[in-house]
Amino acid sequence: MAEFMELEGQDGVRMAWNVIPGTKQEASNCVVPVSAVYTPIKPFPNMPVLPYAPLRCRNCRSVLNPFSIVDFAAKIWICPFCFQRNHFPPHYASISDENLPAELFPQYTTIEYQSPGEASSIPPVFMFVVDTSIIEEEMAFLKSALSQAIGLLPDNSLVGLITFGTLVHVHELGFGTIPKTYVFKGSKDVSKEQLLEQMNFFLIKPKPPTGVIAGARDGLSSESIARFLLPASDCEFALNSILEELQKDPWPTPVDQRASRCSGTALSIAASLLGACVPGSGARILAFIGGPSTEGPGAIVSKNLSDPIRSHKDLDKDSAPHYHKAVKFYEALAKQLVHQGHVLDLFACALDQVGVAELKVAVEKTGGLVVLAESFGHSVFKDSLRRVFRSEDKDLGLSSNGIFEINCSKDIKVQGILGPCASLEKKGPLCSDTIVGQGSTSAWKMCGLDQATSLCLIFEIVKKEIPDATLHYQHSTAEMRLRVTSLSRRWVAGPGSIQDLIAGFDQEAAAVVMARLVSFKMEIEAEFDPIRWLDKALIHMCSRFGDYQKDSPSSFSLSPRFSIFPQFMFHLRRSQFVQVFNNSPDETAYFRMILNRENVANSVVMIQPSLISYSFQSAPEPALLDVAAIAADRILLLDSYFTIVIFHGSTIAQWRKAGYHNQPEHQAFAQLLQAPRDDADAIINERFPVPRLVICDQHGSQVRICWVGFSLNIGFQGGAGQFFPLELSESGL
């Protein structure tokens with residue numbers, strides 16, 4: 001596995017098959033598709049940033065890279081994709097074997113270009129959309145968190161504020177004399193033209209002709225825009241004053257009804273306002289929602305408490321009356337935001353559902369962040385919100401307006417991408433007839449992305465592959481950059497190729513690809529049986545790559561390259577991505593959204609939690625996810641990505657309660673107690689959303705939380721000591 005992590009450290013890519021099956025039939029027999037999990041703007045300390053524009057092929061527009069064939073005498077380079085001969089421009093006249101430009105260095109398969117003068121003139125834009133239909137206690141928590149967040153905003157960033165409950169209030173921050181707001185009815189969908197007219201954008205300038213969309217480039221003056229979007233340094237006092245006076249939605253709520261909440265209308269108005277004021281900029285809508293939408297477009301449930309919020313069972317039976325209409329509304333909103341280049345970030349905090357399942361399409365297609373917590377006072381929400389604006393070494397590296405393109409040799413096609421992006425519908429010979437996720441295109445829009453955002457590309461093999469990926473995006477420093485990653489993988493075909501395929505199999509990347517695929521299929525295929533699909537896939541993999549004698553189960557063995565993959569499948573089929581029982585549609589949508597944007601290392605932890613054991617007898621070491629790992633004199637650290645549990649054995653808990661760790665003669669015990677806390681803090685500081693931390697003792701009141709992470713390993717051992725679950729219902733080994 002180390003060599004695959006080394007490749008990821010160079011290019012940000014993990015491929016399930018690092019040796020490519022040479023024909024379509026052989027690729028089909030491999031079960032796990034030829035695929036790549038790519039982190040487009042993963043930071044590399046030694047990656048050069050070139051201060052000039054890239055040199056592109058005049059035929060296929062791919063970029064000069066280390067795999068290009070160069071004729072130094074004739075000053076010609078041959079594109080490795082289409083084999084077009086291209087002349088070097090005059091400023092490459094000095095190129096030679098001893099004088100290579102950085103893009104031809106073999107170690108620089110990933111490189112960035114920064115053209116002079118391409119920095120964006122528009123600062124980052126943040127539109128806060130705040131729910132006021134929440135109880136007073138939650139309102140106090142939310143106001144406190146927002147005040148802290150406003151203090152962390154960059155001084156030059158533009159800020160706007162919209163609050164909503166029964167009505168939508170757009171706050172005019174530029175009117176400093178007295179608080180001034182524009183009020184819109186929550187039950188009514190407001191078009192962009194109606195919004196601009198009601199908010200008096202055309203008092204000075206003439207109204208644009210009918211059918212023409214107004215915007216900053218179409219006549220809106222900077223004075224008009226500054227009424228609603230002000231630099232953070234200029235409006236911090238006004239914002240804090242509004243927040244201090246902000247009250248719970250005053251409209252009365254009958255005891256037998258839910259609060260009136262027009263989330264969809266508020267988000268639509270926010271999108272239209274940003275589209276009019278700052279189209280094409282890296283603007284973000286930060287939505288803070290504390291309950292289900294019950295009013296206007298995007299409502300997920302009626303106001304009557306007698307009508308339950310939709311469950312998975314309701315969705316399966318198609319008996320959720322509001323679901324499809326709400327999804328259609330948010331699909332239209334997603335299309336609008338993608339066209340404008342804007343991002344929707346969702347912070348959903350409530351004990352009940354708020355509509356994450358319906359909002360998923362808008363958040364995911366715009367590359368937005370999502371946080372799901374029980375309360376606005378919970379550390380998961382408060383710490384995650386601070387992470388968004390943190391400017392330290394471990395900031396998120398928020399970037400915007402990325403255009404991701406891929407080019408391949410003629411023997412491979414692209415089926416699609418599973419991840420936070422939107423298709424640009426750039427059709428061509430690279431597009432496969434089989435569509436997976438965002439497919440039928442070779443270019444995608446990434447309105448928002450960060451240093452951890454990862455895309456899963458699914459390929460269709462014709463023969464061989466040398467893929468090239470380019471990403472043109474606005475860096476967090478406001479510079480426009482072009483990142484180019486060029487890859488080459490060996491391909492094999494024929495009867496003797498199976499050992500080469502085994503040697504190039506990355507079982508962690510393969511497990512993540514299968515997890516994204518099964519989640520995608522569960523959402524789009526009505527009659528899909530995920531357990532059977534995973535079982536059949538595992539059986540076919542074992543049949544193809546395992547060694548065994550017919551009718552002799554004890555003879556079965558797998559190569560060490562495949563030894564962990566069955567265990568990943570065992571945990572995947574029991575994970576929250578597949579098993580929806582006891583999870584709400586919102587929770588399931590949330591888990592899948594995080595899975596679809598995280599890299600391989602983090603995704604593997606979601607599929608199979610890690611367990612570390614701490615004791616006096618040895619250094620910290622991995623432990624099996626089994627009850628046998630529990631011992632009275634041990635501390636266990638369980639990381640399931642969304643939750644981190646520190647579990648003290650009964651003896652350790654007794655010693656801690658007795659205060660032994662505070663006594664000088666028991667420093668070793670104090671160090672043992674502190675070690676898992678330090679490791680947990682390190683994980684929390686690097687992860688977004690911030691995980692929930694639970695500290696519990698054996699036989700204590702919170703011990704049940706720890707058991708959620710344990711999967712009892714009931715199965716049999718293969719010939720090489722591999723573990724396989726017993727629940728494979730189909731014969732074929």
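Trainee: Which handedness does the crossing of helix 13 and helix 17 have?
Mentor: Keep in mind that this is a predicted model. The axes of the two helices are 9 Å apart, and helix 13 and helix 17 pack at about 70 degrees. That angle makes helix 13 roughly perpendicular to helix 17. As for the handedness, the crossing of helix 13 and helix 17 is left-handed.

Trainee: Which residues of helix 17 meet helix 13?
Mentor: From the helix 13 side come E508, A509, A511, V512 and A515. Sorted by class, the contact of helix 13 with helix 17 has seven nonpolar, one polar and one charged residues. On the helix 17 side, the residues are V600, S603, V604 and I607.

Trainee: How many residues of helix 17 are buried?
Mentor: Helix 17 spans residues 600-607. Its buried residues are V600, N602, S603, V604, V605, M606 and I607. Besides helix 13, they pack against partners including helix 15 (565-572), helix 16 (585-595) and strand 29 (635-639). Helix 17 is mostly covered, and the count out of its eight residues is seven.

Trainee: Is R61 buried, partly exposed or exposed?
Mentor: R61 sits in the loop between strand 4 (49-50) and strand 5 (69-71). Its phi is positive, about 70 degrees, although R61 is not a glycine. Most residues other than glycine have a negative phi. With a relative accessibility of 49%, R61 counts as partly exposed.

Trainee: And what is the relative accessible area of E425?
Mentor: E425 also has a positive phi without being a glycine, at about 55 degrees. Its place is the loop between strand 19 (422-423) and strand 20 (443-449). Exposed means over 50%. E425 is exposed, and its relative accessible area is 63%.

Trainee: What is omega for the peptide bond that joins F688 and P689?
Mentor: You'll find P689 in the loop between helix 19 (667-686) and strand 31 (692-697). Most peptide bonds are trans. The bond between F688 and P689 is cis, and its omega is about -5 degrees.

Technical notes
Residues are numbered from 1 along each chain as its sequence is written. This is a predicted model: local features need pLDDT of at least 70, side-chain atom pairs count only at pLDDT 80 or more; totals for chains, interfaces and linings use all residues. Side-chain values use heavy atoms; hydrogens and water are left out. Buried means under 20% relative accessible area, exposed over 50%, partly exposed in between (1.4 Å probe, protein chains only). Helices (H or I, at least four residues) and strands (E, at least two) are DSSP runs, numbered from the N terminus. Contact means heavy atoms within 4.5 Å. Axes are lines fitted to C-alpha atoms, for helices over the stretch in contact, and angles run from 0 to 180 degrees between N-to-C directions. Angles under 35 degrees count as roughly parallel, over 145 as roughly antiparallel, 65 to 115 as roughly perpendicular and the rest as oblique. A crossing is left-handed if the near helix is turned anticlockwise from the far one by less than a right angle, and right-handed if clockwise. Ala, Val, Leu, Ile, Met, Phe, Trp, Tyr, Cys and Pro count as nonpolar, Asp, Glu, Lys and Arg as charged, and the others, Gly among them, as polar.
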